[in-house]
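I opened the notebook to record what I looked up, entry by entry, beginning with the open spaces and then turning to the sheet and the helices.

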Amino acid sequence: MTNGTVTPELESALEKHRVELTGYCYRMLGSSFEAEDAVQDTLVRAWRSYDKFEGRSSLRSWLYRIATNVCLDMLTAGNKRARPVDLTEATPLAQAALTPRPDNTWLEPMPDARMLPTTDDPAEAAVAKESVRLAFMAALQQLPPKQRAVLILREVLAWRASEVAELLGTTVASVNSALQRARATLAERADLEAAGAVSDPLDEEQQKLLERYVAAFEGYDMTALTALLHEDAVMTMPPFDLWLAGPADITGFMTTIGASCAGSRLVPVQANGLPAFAHYKPDPEAGGFSPWAVQVLEISDGRITGFHCFLDTKRWFPLFGLPLHLEAEADQAD
């Protein structure tokens with residue numbers, strides 16, 4: 001920065017950290033849009049105060065310190081984002097009702113490309129993906145904010161305890177204590193083991209499972225879909241707090257309240273380190289297909305265990321770079 005102006009060199013140096021900072025802020029906040037706002041705020045603060053940056057730490061460490069402070073400030077309201085399964089009991093199909101809750105209730109999906117930096121280290125890539133899966137993200141939201149920061153910095157980003165202590169302005173002993181408490185909380189979460197069951201990249205069995213899923217869903221073949229669902233599978237649909245458990249209620253919902261999704265199309269996307277699809281359903285008025293949901297799937301033991309449909313497509317589809325309309329195949333062929 002020269003005379004208060006951001007130089008191209010400084011802008012480039014800061015921008016190269018945007019993706020990893022977005023991943024960090026997303027893990028802290030549980031919201032894709034709040035994470036991107038936090039990163040923008042971080043970079044603006046860095047631009048404004050760069051003249052005061054004395055280089056005692058790396059530029060990356062300095063940016064993480066700013067980002068951590070931004071996130072901690074945003075978390076002072078105490079809101080913990082969650083999944084429907086964290087807030088209510090499963091609803092029997094006979095009692096299913098679509099009751100929305102405010103946007104800030106929900107853990108939000110995030111495209112992998114916006115938060116996971118490219119790396120040549122397969123182990124590093126696997127840890128990064130596991131740490132943004134929905135179950136792990138939901139567990140993170142249950143930690144106090146500073147414990148959350150310590151766990152992410154130490155376990156996900158592999159910072160040394162001394163580096164985390166310097167960033168947070170505390171002692172190594174305090175960092176180690178916070179990490180121990182955070183680990184103990186996560187150890188109580190039974191759903192985390194299954195959350196890491198997706199291979200990176202997907203193995204052949206998982207690829208075939210997804211191919212069968214797409215064929216079953218697009219064909220609206222409930223018998224085929226039932227064969228792919230784990231007996232304990234759950235279906236969620238934020239912003240509605242309803243969630244369903246078991247293949248019978250899931251497929252029953254799809255053929256009753258969700259019957260208009262018959263004949264849909266699925267487009268593969270990458271979200272939260274998990275298999276995901278953009279779901280377009282037939283548009284009887286305009287023709288072709290209109291956006292309906294971003295589906296994020298959880299897989300374990302050769303079956304689909306989680307079927308999470310994020311329905312606010314006016315927000316999600318632009319975030320994923322997806323079109324807001326698909327033409328019918330016959331129109332595309334013309």
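For the classes I counted Ala, Val, Leu, Ile, Met, Phe, Trp, Tyr, Cys and Pro as nonpolar, Asp, Glu, Lys and Arg as charged, and the others, Gly among them, as polar. I note that this is a predicted model, in which local features need pLDDT of at least 70 and side-chain atom pairs count only at pLDDT 80 or more, while totals for chains, interfaces and linings use all residues. Residues are numbered from 1 along each chain as its sequence is written, and side-chain values use heavy atoms, with hydrogens and water left out.

**Pocket**

I worked on a 1 Å grid over the protein atoms alone, where a pocket is an open set with protein on both sides within 12 Å along at least five of seven lines, a cavity is a set of points where a 1.4 Å probe fits but cannot get out, and lining residues have an atom within 4 Å of a point. Grid points are joined across faces, edges and corners, and a volume is the space filled by probe spheres set on the points. The largest pocket holds about 490 Å³, and its lining divides into nine nonpolar, four polar and seven charged residues. Of the 20 lining residues, Leu116, Pro117, Thr118, Thr119 and Ala128 lie nearest the centre. I took helices (H or I, at least four residues) and strands (E, at least two) as DSSP runs, numbered from the N terminus. At least two lining residues come from each of α2 (18–29), α4 (59–74), α6 (112–115) and α7 (122–130), and α7 gives the largest share, four residues.

**Cavities**

I found two cavities of 30 Å³ or more. The largest cavity has a volume of about 80 Å³, and its lining includes Asp103, Trp106, Arg315 and Trp316; by class this lining has six nonpolar, no polar and four charged residues. The second largest cavity holds about 60 Å³ and is lined by residues including Ala82, Arg83, His308 and Phe310, with six nonpolar, two polar and one charged in the lining.

**Sheet**

I then traced an open sheet of six strands, in the order β2-β1-β6-β5-β4-β3 and with mixed pairing, where two strands pair if DSSP finds at least two bridges between them. β2 (240–245) and β3 are the edge strands, each pairing on one side only. β1 (residues 229–237) pairs with β2 in the antiparallel sense over four bridges, and Val234 stands opposite Ala245 of β2. β3 (residues 265–271) and β4 (residues 274–282) are also antiparallel, over seven bridges, with Leu274 of β4 as the bridge partner of Ala271. Two residues lie between the strands of this hairpin, and Asn272 takes a positive phi near 55°.

**Helices**

For directions I used axes that are lines fitted to C-alpha atoms, for helices over the stretch in contact, with angles from 0 to 180 degrees between N-to-C directions; contact means heavy atoms within 4.5 Å. Helix α13 (residues 204–218) lies across β3, β4, β5 (289–300) and β6 (303–310), at about 145° to β5. Helix α10 (residues 161–168) packs with helix α11 (residues 172–187) at about 105°, the axes being 8 Å apart. I therefore recorded α10 and α11 as roughly perpendicular to each other, given that angles under 35 degrees count as roughly parallel, over 145 as roughly antiparallel, 65 to 115 as roughly perpendicular and the rest as oblique.
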